[in-house]
Amino acid sequence: MGDVIDKIIKISGRNVNLCYQCGMCTAVCPMAEYMDVKPHQIIRMIQLGDERVVEIDAVWVCASCMACVDRCPRDVGPGIIFEAVRLVSLRKGIDKIDYKAIEDLEAAPTLAMVTASRKYTG
Ligand code: SF4
Ligand code: SF4
């Protein structure tokens with residue numbers, strides 16, 4: 001396993017090899033339809049050691065609701081793993097918000113901006 005995948009597994013503390021690709025995480029995910037790569041597919045990428053996992057947008061679309069964690073029959077914990085993927089992405093300097101691209105920044109709710117800053121930026 002590469003360094004990136006090792007870090008994701010270490011930070012999350014989860015065992016991706018328990019996943020048998022049942023697809024339940026994707027079925028219960030309220031954000032799945034907006035994801036370029038679905039939750040069960042992200043887990044498969046990690047199983048296969050695919051380091052491109054830190055570049056996909058889907059982990060940033062994840063709302064951290066943890067429905068997938070509750071429903072996973074193998075206790076893999078996809079939502080927890082996605083938190084780790086985001087952390088590793090941030091450490092690699094991958095930021096997902098460009099504040100200059102927000103058209104009406106002053107009208108944006110303060111709480112939403114603080115939340116987004118914490119989740120999306122390094
Ligand atoms: S619900 Fe669990 S076992 Fe099923 S695909 Fe998702 S992570 Fe794998
Ligand atoms: S934690 Fe993320 S991936 Fe899991 S069900 Fe919620 S939004 Fe979907």
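Figure 1. With a relative accessibility of 67%, D70 counts as exposed (buried means a relative accessible area under 20%, exposed over 50%, and partly exposed in between, with a 1.4 Å probe and protein chains only). The model shown here and in the other views is a predicted one, in which local features need pLDDT of at least 70 and side-chain atom pairs count only at pLDDT 80 or more, whereas totals for chains, interfaces and linings use all residues. Residues are numbered from 1 along each chain as its sequence is written, chains are lettered from A and ligands numbered from 1 in the order in which they are written, and side-chain values use heavy atoms, with hydrogens and water left out. D70 belongs to helix α5; helices (H or I, at least four residues) and strands (E, at least two) are DSSP runs, numbered from the N terminus. Between the C-alpha atoms of D70 and A108 there are 32 Å in space, and the two residues are 38 apart in sequence.

**Figure 2. V76 is a buried residue in the loop between α5 and α6.** The relative accessibility of V76 is 2%, and therefore V76 counts as buried. Y34 stands 42 residues from V76 along the chain, and their C-alpha atoms are separated by 22 Å.

**Figure 3. S12 is a buried residue of helix α1.** Helix α1 covers residues 3-12 and includes S12. S12 counts as buried because its relative accessible area is 12%. Its side chain reaches the backbone nitrogen of R14 at 3.2 Å. A polar contact is a pair of N or O atoms within 3.5 Å; within protein, one must be able to donate a hydrogen and the other to accept it, and residues adjacent in sequence count only if both atoms are side-chain atoms. When neighbours within four places in sequence are left aside, the contacts of S12 are I80, I81 and A84.

**Figure 4. R86 is a buried residue of helix α6.** Which atom lies 2.6 Å from a polar atom of the side chain of R86? The backbone oxygen of V59 takes that place. R86 has a relative accessible area of 3% and is therefore buried.

**Figure 5. Helix α6 is largely enclosed by the rest of the structure.** Why is α6 described as largely enclosed? Ten of its 14 residues are buried, so the rest of the structure largely encloses α6. The buried residues are P78, G79, I81, F82, A84, V85, R86, V88, S89 and L90. Their cover includes α1, α2 (24-28), α3, α4, α5 and α7 (110-120). From its first C-alpha to its last, α6 reaches 20 Å, close to the 20 Å expected at 1.5 Å a residue; the expected span is 1.5 Å times one less than the number of residues. Just after α6, G93 has a positive phi of about 80 degrees.

**Figure 6. Helix α3 is mostly covered.** Seven of the nine residues of α3 are buried, namely P39, H40, I42, I43, M45, I46 and Q47. These buried residues pack against α1, α2, α4 and α6. I42 touches V37, V53, I56, A58, V59 and F82, residues up to four places away in sequence not being counted. Just after α3, G49 takes a positive phi of about 75 degrees.

**Figure 7. The largest nonpolar core has 28 residues.** A nonpolar core is a set of buried Ala, Val, Leu, Ile, Met, Phe, Trp, Tyr and Cys residues joined through side-chain atoms within 4.5 Å. Inside the largest core, the residues with the most contacts are I8, I42, I46, V53 and I81. At least two residues of this core come from each of α1, α3 (39-47), α4 (58-61) and α6. The largest share, six residues, is supplied by α6.

**Figure 8. Residues form a shell around ligand 1 and around ligand 2.** A residue is near a molecule or strand if one of its heavy atoms lies within 4 Å of it. Ligand 1 has 13 residues around it, of which C19, C22, G23, C25 and C72 come nearest. By class, this shell has nine nonpolar, three polar and one charged residues; Ala, Val, Leu, Ile, Met, Phe, Trp, Tyr, Cys and Pro count as nonpolar, Asp, Glu, Lys and Arg as charged, and the others, Gly among them, as polar. Around ligand 2 are C29, P30, M31, C62, A63, S64, C65, M66, A67, C68, G79 and F82. The shell around ligand 2 has ten nonpolar, two polar and no charged residues, and α5 (67-71) and α6 (78-91) each supply at least two of its residues.

Note on methods. Contact = heavy atoms within 4.5 Å.
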